[in-house]
Amino acid sequence: MEAGVFMNNENQIHGLTLNSRYYALPDLIQFCKDEIDAEKEPDWKLDVYRFIIDFLSDSEYILQQTSGTTGAPKSIELPKTAMLTSAKNTIDFFQLKENDVAVLCLPIRYIAGKMMMVRALLGGLNLHFVEPLGTPKLSGLAKIDFCAMVPMQATQLLEKEKWPNLKTLILGGAETGLELKKLLQEVDTQVYETYGMAETCSHVALKMLNGETANDIFTALPEVNLSMDKRECLVIEAAYLPEKVITNDRVELLAPNRFKWLGRYDHVINSGGIKIQPEMLEKQFSEKLKLPCVVMGIPDQLLGQKMILIVESTSQKNSEDLISQLKPHFNKKMLPKQIYSVKEFPRNKSFKVDREALLRLI
């Protein structure tokens, strides 16, 4: 390991403070091996130890499963140097300091979980990890400086648990809904929505969700350049990435480092020649109906595809009542042809709405 990627001046790593106990690198590796061999800890924790050993090995790459932002999910090789540079960008942006308390409450199999660990290693953070549940158990920590969650975790913390003494929170993995944004206005935590993916070693852009500077525009981190392809989908380039990343995310590009996210190219509904971006309508419908909404297209003989709306509600909603609430605010062509009501949206392992499962459900 002396000749590995961790011993140059920029990326030097000496050890890790884990749950307020410092381990020098040799001790950290041995500790992780002992815990894995003992098999006394739950699998989610053993997976963290396995990643630490893998990341600190002589290999130059980490194997990571992608989520499908740039195409079909696949396994890719991520250079550890790229992960370290991404971590440094985050540490610098949030001005994280040695021994700041960070929390890992995301599954380590996802890039977001891995990058929390890399930031702790590189920044000398005091990392505490808790089981990656829908409602993370954070009550045992008096103060947290930095944490990453998915929107569902933040929502359930706000609704079911006491909000922690948390300085900075980053949210990713799924778009932050309107109800969560409203709830976040009541907390002192600085909350940012992130944009990124496995191919970019986690986030490359951020937007503020609460406080006086809250806005709907993502701003790229330094050294990240943005452009669009002919589909109006985002293209990302950065010196630390092995190649440019062509996404399937449609955006409105405002500057080489600023954009508004519109939705997924592969979710676009073509209804009688009118192209509809579901994610944009979902925001607007949710605001009017005060319910979580999913807009989808299903086959139709006349239109090719027709737009349907699915709402999430514990009580069955009358379709005609919902339509009457929407009619005054939307063009007739932008109204759903059918509305369905389900008690709970099916979600995948990263807590995103599983649209295929939802379509089967209705």
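**Charges over rings**

I started with Lys-80, which lies over the face of Phe-55, 5.7 Å from the ring centre. I counted a charge as over a ring if NZ of Lys or CZ of Arg is within 6 Å of the ring centre and within 35 degrees of the ring normal.

**A note on the model**

This is a predicted model, in which local features need pLDDT of at least 70 and side-chain atom pairs count only at pLDDT 80 or more, while totals for chains, interfaces and linings use all residues. Residues are numbered from 1 along each chain as its sequence is written, and side-chain values use heavy atoms, with hydrogens and water left out.

**Aromatic pairs**

Next I searched the whole structure for aromatic pairs and found 13. Rings of Phe, Tyr and Trp (its six-membered ring) pair if their centres lie within 6.5 Å; planes under 30 degrees apart count as stacked, over 60 as edge-to-face and the rest as tilted.

I looked up Phe-94 and Phe-146: their ring centres are 5.4 Å apart and their planes stand at 45°, so I noted the pair as tilted. Phe-94 lies in the loop between helix H3 (80–93) and strand E5 (101–104) and Phe-146 in strand E7 (residues 144–149), so this pair ties together parts that are 52 residues apart in sequence. Helices (H or I, at least four residues) and strands (E, at least two) are DSSP runs, numbered from the N terminus.

**Salt bridges**

Side chains of opposite charge can pair when their charged atoms come close. My rule was a side-chain nitrogen of Lys or Arg within 4 Å of a carboxyl oxygen of Asp or Glu, and the count came to 14 salt bridges.

Glu-41 and Lys-45 meet at 3.5 Å, N to O. Glu-41 is partly exposed at 25% relative accessibility, whereas Lys-45 is buried at 18%.

Arg-250 and Glu-232 meet at 3.1 Å, N to O. This pair links distant parts of the chain, 18 residues apart: Arg-250 is in strand E14 (residues 245–255), and Glu-232 is in the loop between strand E12 (224–228) and strand E13 (233–238). Arg-250 is buried at 18% relative accessibility, while Glu-232 is partly exposed at 37%.

Arg-355 and Glu-282 meet at 2.9 Å, N to O. Arg-355 lies in helix H9 (residues 355–361) and Glu-282 in helix H7 (residues 278–289), so the pair ties together parts that are 73 residues apart in sequence. I noted both Arg-355 and Glu-282 as buried.

One network of salt bridges links Glu-193, Lys-207 and Asp-216.

**Strands around E13**

Five of its six residues are buried, so E13 is largely enclosed by the rest of the structure. Strands pair if DSSP finds at least two bridges between them; E12 and E13 run antiparallel and are joined by five. Met-228 has Leu-234 in E13 as its bridge partner. The two strands form a hairpin with four residues between them, and Glu-232 in the turn has a positive phi of about 70°.

On to E14: three bridges join E13 to E14, and these strands run antiparallel. Ile-236 has Val-245 in E14 as its bridge partner. A hairpin through six residues joins E13 to E14.

**Strands around E10**

Which residues of strand E10 (residues 202–208) are buried? Seven of its seven are, and I noted E10 as mostly covered. Six bridges join strand E9 (residues 190–197) to E10, and the two run antiparallel. Thr-194 stands opposite Leu-206 in E10. E9 and E10 form a hairpin with four residues between them, where Cys-201 in the turn has a positive phi of about 55°.

E10 also pairs with strand E11 (residues 218–220), in the antiparallel sense over two bridges. Leu-206 stands opposite Thr-219 in E11.

Technical notes:
Buried < 20%, exposed > 50% of the residue type's maximum accessible area, 1.4 Å probe, protein only.
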